[in-house]
Amino acid sequence: MEYRRDRSSGQSTVAALIALLHTVHSKLSTNDYVHVFTLDFTKAFDTVRHATMMAKMSHLSLPDQVFNWIGDFFQGHWHCTKFNRKVSELAEIFASVIQGSGLGPAAFLVTAADLCPVHDGNDILKYADDTYLVIPAANTHTSSAELAHIEAWAAANNLQLNSAKTKEIVFRSHRKRGKDAQLPASHNDIERVTNITALGVVINDRLTASDHVSYTLAGCTSLLYALRVLRCHGLPEQSLKDVFRATVIAKLTYCLPAWFGLCSAADRTRLNSFLRRCMKLGYYSTSDPDILSIAEEVEYDLFTTILRNPQHVLQPYLQERPKLHYQLRNRLGLSKSLIQKTVDLNDSDFIVRNLYKTSY
C-alpha cells in the first residue's frame, strides 16, 4: 500500500506508521515473529528515469492536457558545472525528480506503484521513497526471493538497492518473548538491528515506545535551551508560549496516535513530568492538558476523519459491519466491525483501540 504526502491534512505520515504497526501486530497474531526490512534506494529521487516514469503515468486515467503538462515539466532541463572559471558543456537531464516540488513525491510513487511482493502473505508498504518489506514467520523462506525481486525491479527502474543502509528488524510475538525460540539467521549483506527509525519514530523490536520517548524528550530538552535564550533576549511570555507550542509540543506530539498506545505507565509518567517541568519554567499553563488528554483528542480527531472519509488510506483496515435484517441500536453511528483482540493485536494498536473505544 502506498501513502502520498497530503500537506492539507498533515496526517499522511501518521497514517503510514499506523498501517506499518497494524500490519506487524496483525501478523504477530498468527506468527511467532515478523521480519521487517527497511529498504534504502541510493539517491532515489535523483535516479528516477523520466521515460520510465512517463510510460507508467500513461496508464493512469489522466486527462491528455494534464499528462502533456507533466511531460513538459520534466523535459528541457540541462546541467553544467562551473569550476575555476571554466564552465562545462550543457548536458540534458533524463532522470531525477525535484524532491521539493509538488510533483516530486507523487512522481516517485507512480514509478514505485508496480513494486509488489511476489508471495502471498508478504506486504510492501511505501511512503514516497521510504519502503518497508514485511514478512511473517510462515514466509521466512521467501525473504531471499523477495529481496532479489526488489533488486531486479530497482535495476529495471534505474534505481539501486543500497544493502549497506537496508536494515532488518525482527518482532517477536508476546507468546515467544523470554523463551529460547531461535530466530532464522539474518541475510549476510543486511544488518539485523534492534530498533529502526521509521518516518521519524523510533520503533524497537519489543514494540514499546520507551526508545522513542527517550529520543523525543532529549530533543525537546534541547529546544528548551533555545527558549531560554529567547527569554534572555526579551521575548514576551505569551510569545514564548506560542513558540513552545510550535516547537516543543509539535515535536512531542509528532505522530502521537501511532506510538502512544505502545507507551507504558512509566513512559507516560516521563512525558507528564516533562510537561510539569515546562509549567514551572512558564512555557506551559497549569490549565493545559496532560499527555493522555492530548493523545485522546488527537486520536479522536484522526479516527473521526477516517470514518467520515471513505477514500482515507486507512479505510482498507476497517471492515464494514454485516448488514442485519433486524433492528439494533446504532452505537454512535459506527458501521465498522470490531477486530478480535489477541495477545499481540490489542489496545496498543491505534485501529483496535479506537474501534472498541467508539463502540462503547
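I started with K341, which forms a salt bridge with D347, the closest N and O atoms being 2.9 Å apart. The rule I used: a side-chain nitrogen of Lys or Arg within 4 Å of a carboxyl oxygen of Asp or Glu. K341 is partly exposed at a relative accessible area of 32%, and D347 is partly exposed too, at 36%. For the record, buried means under 20% relative accessible area, exposed over 50%, and partly exposed in between, with a 1.4 Å probe and protein chains only.

A note on what I'm looking at: this is a predicted model, where local features need pLDDT of at least 70, side-chain atom pairs count only at pLDDT 80 or more, and totals for chains, interfaces and linings use all residues. Residues are numbered from 1 along each chain as its sequence is written, and side-chain values use heavy atoms, with hydrogens and water left out.

I looked up the count, and it comes to 11 salt bridges. One of them joins the side chains of E168 and R192, at 3.2 Å from N to O. E168 sits in strand β9 (residues 167-172) and R192 in strand β10 (residues 191-193), so the pair ties together parts that are 24 residues apart in sequence. My helices (H or I, at least four residues) and strands (E, at least two) are DSSP runs, numbered from the N terminus. E168 is buried, with a relative accessible area of 1%, while R192 is partly exposed at 27%.

Then I checked R245 and D242, whose side chains meet in a salt bridge at 3.7 Å, N to O. They are 3 residues apart in helix α7 (residues 237-252), so about one helical turn separates them. I reminded myself that an α-helix has 3.6 residues a turn, so residues three or four places apart point the same way. R245 comes out partly exposed at 37% relative accessibility, and D242 is partly exposed at 40%.

How many residues of helix α11 are buried? I found 9 of the 10 in this helix (residues 350-359), so I noted it as mostly covered. Among the buried ones are F350, I351, R353 and Y356. The buried residues of α11 pack against α1, α8 (256-259) and α10 (291-308). At the N-terminal end, D349 caps the helix: a side-chain oxygen of D349 lies 3.1 Å from the backbone nitrogen of I351.

Next I went to H25, which lies in helix α1 (residues 12-28). At 3% relative accessibility, H25 counts as buried. What does H25 touch, leaving aside its neighbours within four places in sequence? I listed L207, L262, D344, L345, S348 and D349 as its contacts; contact here means heavy atoms within 4.5 Å.

Last, I traced strand β11 (residues 195-198), which is joined to β12 by 4 bridges, the two running antiparallel. Strands pair if DSSP finds at least two bridges between them. T197 stands opposite V202 in β12. The hairpin has 2 residues between the strands, and L199 takes a positive phi near 55°.

Which way do the side chains of β12 (residues 201-204) point? V201 and I203 point one way, V202 and N204 the other, and all are buried. I jotted down the general rule: in a regular strand the side chains alternate between the two faces of the sheet.

Conventions:
A polar contact is a pair of N or O atoms within 3.5 Å; within protein, one must be able to donate a hydrogen and the other to accept it, and residues adjacent in sequence count only if both atoms are side-chain atoms.
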